[in-house]
Amino acid sequence: MQNIFHFSLNDFLLSSKRSSQHAYENIKNLLNAIENTNTHTKAITALLELKDHLISTPGDHLEDYFFSIDKFTLSSETDDTNVLFLLQLPSIFTPEEWSFTFYEGLLRIPQEEFVNRVIVELGCGNGWISLALAKKFNLTKIIGLDLNPKAVVCAKLNLYLNSYKNKAEPIFD
């Protein structure tokens with residue numbers, strides 16, 4: 001794998017505008033750079049730059065770039081455990097009302113049931129339920145599975161989006 005990583009926000013967005021396949025390839029390449037120990041920190045910084053740009057720029061990014069990154073609030077509480085940043089691709093199911101009901105049902109389970117546990121989510125989509133549980137409870141590990149390979153890429157990037165502060169400082173590992 002290459003040890004050189006160059007990121008230009010403008011080039012990334014311009015290329016993504018060409019087609020959903022270009023956008024997916026750009027996103028997949030960014031994930032590959034994040035997963036490479038030699039380019040990890042630069043790639044995380046690039047992902048956070050992309051997030052900050054899309055969050056602060058109005059418009060329909062899914063329409064414009066064939067992907068979006070949005071701030072997703074889980075409840076009216078204002079602490080950080082109730083906020084997720086989610087990358088979304090057109091081919092991945094977006095969180096729907098029934099999934100909120102499912103998540104709310106999981107929150108009714110006593111917290112002790114989650115402590116030091118391994119959780120497996122089948123059909124994780126963009127990974128939002130797994131990420132929300134990780135932020136809420138002290139889980140040993142969460143494994144998200146999905147048949148759609150694009151969902152897996154999306155869920156992995158969402159993990160990174162929600163695991164790092166600006167300047168690529170880990171929030172949790």
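Me: How many aromatic pairs does the count come to?
Reply: This is a predicted model: local features need pLDDT of at least 70, side-chain atom pairs count only at pLDDT 80 or more, and totals for chains, interfaces and linings use all residues. Residues are numbered from 1 along each chain as its sequence is written, and side-chain values use heavy atoms, leaving out hydrogens and water. Rings of Phe, Tyr and Trp (its six-membered ring) pair if their centres lie within 6.5 Å. By this rule the count of aromatic pairs is ten.

Me: Are the rings of F114 and F137 stacked or edge-to-face?
Reply: Planes under 30 degrees apart count as stacked, over 60 as edge-to-face and the rest as tilted. The ring centres of F114 and F137 are 4.3 Å apart, and the planes stand at 10°. The pair is therefore stacked.

Me: How many residues apart in sequence are the parts that F114 and F137 tie together?
Reply: Helices (H or I, at least four residues) and strands (E, at least two) are DSSP runs, numbered from the N terminus. F114 sits in the loop between α5 (97–107) and β3 (118–122). F137 sits in the loop between α6 (128–136) and β4 (141–145). The separation is 23 residues.

Me: Is F114 buried or exposed?
Reply: Buried means under 20% relative accessible area, exposed over 50%, partly exposed in between (1.4 Å probe, protein chains only). F137 has 8%, so F137 is buried. F114 has 5%, so F114 is buried.

Me: At what angle do α2 and α3 pack?
Reply: Axes are lines fitted to C-alpha atoms, for helices over the stretch in contact, and angles run from 0 to 180 degrees between N-to-C directions. The axes of α2 (residues 20–35) and α3 (residues 40–56) are 7 Å apart. Their angle is about 140°.

Me: Why are α2 and α3 oblique to each other?
Reply: Under 35 degrees counts as roughly parallel, over 145 as roughly antiparallel, 65 to 115 as roughly perpendicular and the rest as oblique. The α2–α3 angle is about 140°. The two helices are therefore oblique.

Me: How do α1 and α3 cross, at roughly what angle?
Reply: The axes of α1 (residues 9–16) and α3 come within 11 Å. The crossing is at roughly 70°.
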